[in-house]
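Please keep the view open and find each element as it is named.

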Number of protein chains: 2
Amino acid sequence: MSNKMKRNQRIVYISQYFVTHPNELIGLSYFSDYFNSAKSSISEDIDFVRGIFEETEIGVIETIAGVQGGMIFKPAYSDVKTNELMDEIRQKLTEGKRILPGNYVYLADLLQDPRLLDNIAKLIAVKYQKEEIDAVVTIETKGIGLCVAVAKYLNVPHVVVRRSSSEMDGSTISVNYVSGSHQRVSKMELSKVSLKAGSKVLIIDDFLRNGGTMIGLMNLIEEFDCKTVGICVFVESTYRDHEPIPNYDSLLKVEIVYNKEESRFELQSELGTFFE
Amino acid sequence: MSNKMKRNQRIVYISQYFVTHPNELIGLSYFSDYFNSAKSSISEDIDFVRGIFEETEIGVIETIAGVQGGMIFKPAYSDVKTNELMDEIRQKLTEGKRILPGNYVYLADLLQDPRLLDNIAKLIAVKYQKEEIDAVVTIETKGIGLCVAVAKYLNVPHVVVRRSSSEMDGSTISVNYVSGSHQRVSKMELSKVSLKAGSKVLIIDDFLRNGGTMIGLMNLIEEFDCKTVGICVFVESTYRDHEPIPNYDSLLKVEIVYNKEESRFELQSELGTFFE
């Protein structure tokens, strides 16, 4: 900055910087260099911003001590906002044609919506940001948007497992898995360089049905010598028993029920294991 | 807010709110209700924030007059940041094994990186936010991350065209296209409800090679009675002539050249048509 800024000018810049860099370690010197101000002044600025962020439930600015230290902004998602979001999604699930042939559920419009996607991703990231996740993994295609959005809030790479070999992937590791109601054996694979050994992985998907795909993903992650530390799906179906999956979260459980009066199937939803 | 906030407290909240809601119309009453403050005070707060946002090249807060009016934050991406970003990406393209069998280029690591992805997406969105885009469209799989990230900045839905029929999509519209060096005819399709007629569409993809896929996407968008108002790819290859595509942007052009001294093929890059 060419003109020396005052406190209330600096806090505008500092506020926007933290919220656009969630879960990123930011050194005090970044701001003191940018403003050409003493670190003690910047510290006071940050204390002020921290107070407002906490009061308005935007999130917390954590301080990491030491030479390699700095500040990390961890977003929050208030209970009020959570309830509003889940109510809105459950309302939307009652609207339009949701039940597709084969008892699939149409969800794409919800995860395409930029505001809903951002809020769902933030809600998920806020829960998992304690876990020191190294990568967020999904399998193509419908869960990718949510995976990308969660990875942005956690500030880690998003990794997309492929269902079929692609010319462009280089060498891969693959596993077989059992998918769908027909118990068909398929292959999923991931480029060898896409996931570092030892990574702590969060699996994200849009829909959990039979669970076979999820078990395949967990096996594949193990093949990369990585550890699945969390599984979170947007919606799980309860109308069919699925394979036992350890410690997964779902934002919503849905069931297809027959409405006798209106002679049609409809979707009923309740909050999922994420909120237990 | 239960406690009445002062100006320098309100501007922290207002600053973070604008940058996390790019290209979204925000009424003055949102803030005046939130703070329980007079609209005149909020207007002064916003004028103050606007000044700092412009001085530090964060973006502009535009005012839309009228009953349906409000403010829209349009992010900026400075020339200095643009040069730094493109230099970093071009440097990364010289590192590691980039050239895959069939002259494909490995780019996944760049678009998986949350910081690079966010910056590339912001750079693209800043150029196209003037165009009143209604949806950002890509074809599975590798461009989806960029598509989602651009759509977030433009505050519009992201739409993913499928290469093969999926059980979960409901009724679809499909077109044939010619892909790859073998000139193979394939089918791409999109769920009928995914794109509203009359939408102005920005097409995003990671890599432009032969152009056949891009022409397929443009045809498909036309089938939906929508208009392609922009095409932007991360990287285009110049080592092969591609189909004539009207008015597309590429961030980078790459060429595979043989390095005689080191007896190996390597990637050379230059800035693409995006910067012309």
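**Notes on the predicted model**

1. In chain B, six strands form an open sheet with mixed pairing, and their order is 7-6-10-11-12-13. Strand 7 (158-161) and strand 13 (264-271) of chain B stand at the edges with a single partner strand each, so one side of each has no neighbour in the sheet. From one strand to the next, the twist averages 25°. Please bear in mind throughout that this is a predicted model.

2. At one end of that order, strand 6 (residues 135-139) and strand 7 of chain B run parallel and are joined by four bridges. To see the pairing at the level of residues, look for B:Val137, which stands opposite B:Val159 in strand 7 of chain B.

3. Chain A also has an open sheet of six strands with mixed pairing, in the order 7-6-10-11-12-13, and its edge strands are strand 7 (158-161) and strand 13 (264-271) of chain A, each of which pairs on one side only. Within this sheet, strand 10 (residues 200-208) and strand 11 (residues 227-237) of chain A pair in the parallel sense over eight bridges, and A:Ile203 stands opposite A:Ile231 in strand 11 of chain A. Helix 8 (residues 212-223) of chain A packs on the sheet, where it touches strand 6 (135-139), strand 7, strand 10 and strand 11 of chain A, and its direction makes about 165° with that of strand 10 of chain A.

4. How are the two chains related? Chain B is superposed on chain A by a rotation of 180° with 0.0 Å of shift along the axis, and the RMSD is 0.0 Å; that is the relation of a two-fold axis. B:Gln16 is the residue of chain B that comes closest to the rotation axis, with its C-alpha at 2.4 Å. The same surface serves both copies, since 100% of the contact residues of chain B recur in chain A.

5. How many disulfides are there over all chains? The count comes to zero. A:Cys232 is in no disulfide, and the nearest cysteine sulfur, that of A:Cys147, is 11 Å away. In chain B, the sulfur of B:Cys232 is 11 Å from the closest cysteine sulfur, in B:Cys147, which is too far for a bond. A:Cys232 is buried, with a relative accessible area of 0%, and B:Cys232 is buried as well, also at 0%.

6. Over all chains, a search of the whole structure finds 26 salt bridges. One of these joins the side chains of B:Asp47 and B:Arg50 at 2.6 Å, N to O, and both residues lie in helix 3 (residues 39-55) of chain B, three residues apart, or about one turn of the helix. B:Asp47 is partly exposed, with a relative accessible area of 44%, whereas B:Arg50 is buried, at 17%.

7. B:Arg98 forms a salt bridge with B:Asp109, their closest N and O atoms being 2.7 Å apart; B:Arg98 counts as buried at 6% relative accessibility, while B:Asp109 is partly exposed at 27%. In chain A, a network of salt bridges links A:Arg7, A:Arg10, A:Glu44 and A:Asp45.

How values were computed: Residues are numbered from 1 along each chain as its sequence is written. Chains are lettered from A and ligands numbered from 1 in the order in which they are written. This is a predicted model: local features need pLDDT of at least 70, side-chain atom pairs count only at pLDDT 80 or more; totals for chains, interfaces and linings use all residues. Side-chain values use heavy atoms; hydrogens and water are left out. Two strands pair if DSSP finds at least two bridges between them. Helices (H or I, at least four residues) and strands (E, at least two) are DSSP runs, numbered from the N terminus. Axes are lines fitted to C-alpha atoms, for helices over the stretch in contact, and angles run from 0 to 180 degrees between N-to-C directions. A disulfide is a pair of cysteine sulfur atoms within 2.5 Å. Buried means under 20% relative accessible area, exposed over 50%, partly exposed in between (1.4 Å probe, protein chains only). Contact means heavy atoms within 4.5 Å. Copies are superposed by least squares on the C-alpha atoms of residues with pLDDT of at least 70 in both. A salt bridge is a side-chain nitrogen of Lys or Arg within 4 Å of a carboxyl oxygen of Asp or Glu.
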